[in-house]
Amino acid sequence: MPVIVLEASDFTSPLFLVRTWEVLSGCITFSLVASLEPPKDPSDLHSTFRIFCMFIWCFFFTLTLLIHILSIIQFHSLIPISWKNLTMTTAVLGALMGLSASVVFPWMVMHHEGRLTRTVAAAVASCITFLAYSSETYVLRTQAHEQRGYMGSNPGLLKILQLWGGCNMIPLVMEVVHSQGSASGLPSGVLSWQLWLSTALYGVCVLMSLVTHVVILGDLAGRCFLPFDKFLAAFSMIGVLLYMVATVICFTKILQLKELGNIARPGVTELIIMETVVASITLLAYTVDLAFSIKLLCDRSHA
């Protein structure tokens, strides 16, 4: 099959320009951070979040570059996935994860690296990358509903937000577990069961989000053993219940840390507050998504 390249006018389209912007700014961002000195202690708090930010920038740079190339040579029709849902998911999730990196890097990493010229430039480049993905999201959202796909609808955007919450929980929970395990003077068993229960709850929700995205991106809804709308409603209900428990545990841990005073390792309180904020936002996303799912089921039952 011959390769079909875009016409000259397509190279000046907003979508082409904004994806080029994403590739360039993403490359600049992780190149600046990679040029910094490696952390002396890989177990430090800022080292984990530095790896987390680098993974975000490298992953979305690679994915965006592949999407950009496939769009230029018009090979995306040969890939057995829903292209419109993939591009929308990449843009929205890239904007959300880019926002996380733009907040975490100056807060958790730049403080330890020092305000060097390259660290400040990397923080600025990360914010520019976030703006690039936000711009692509806006461009895709202005297209017709048929071109946006399911992930461009309100329920689809909520599912991307749920995946964002689960991805952010991975480094947060890892560092909270590590910090509590190494905190000197902390009474044994005070927070251990909450930590492991929260980890299990987040793991189940991340797995459900990944399954949902695989089904949607792979156009596998017709192969589900249950109707797809009931499948989504069940996952939303489970997500609401699990994140309600996780959010209660987060607030409980905050109250327990206040009672402990300065016994806990420095930085633990900030980590738990971040975990509580992300858990609350994700719980809200699951709750609104459940409302959309129930409304859809009711509308279909009365049709």
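1. Confidence. The mean pLDDT of the protein chain is 84, and 84% of its residues reach 70 or more; pLDDT is the predictor's confidence in each residue, from 0 to 100. Over residues 183-190 the pLDDT falls below 50, and beyond near neighbours in sequence this stretch has eight contacts in the model (contact: heavy atoms within 4.5 Å). Where pLDDT is low, the predicted coordinates should not be read in detail.

2. Basis. This is a predicted model in which local features need pLDDT of at least 70 and side-chain atom pairs count only at pLDDT 80 or more, while totals for chains, interfaces and linings use all residues. Residues are numbered from 1 along each chain as its sequence is written, and side-chain values use heavy atoms, with hydrogens and water left out.

3. Elements. The protein chain has nine helices and zero strands. Helices (H or I, at least four residues) and strands (E, at least two) are DSSP runs, numbered from the N terminus.

4. Burial. Of the 303 residues in the protein chain, 48% are buried (under 20% relative accessible area, 1.4 Å probe, protein chains only).

5. A nonpolar core is a set of buried Ala, Val, Leu, Ile, Met, Phe, Trp, Tyr and Cys residues joined through side-chain atoms within 4.5 Å. The largest has 63 residues, and Trp57, Phe105, Tyr202 and Tyr243 have the most contacts inside it. Helix α3 gives the most to this core, with 12 residues.

6. Phe105. Leaving aside neighbours within four places in sequence, Phe105 touches residues including Val33, Cys53, Trp57 and Met110.

7. Second core. A separate core of five residues includes Leu70, Trp83, Leu86 and Leu217.

Notes
Buried means under 20% relative accessible area, exposed over 50%, partly exposed in between (1.4 Å probe, protein chains only).
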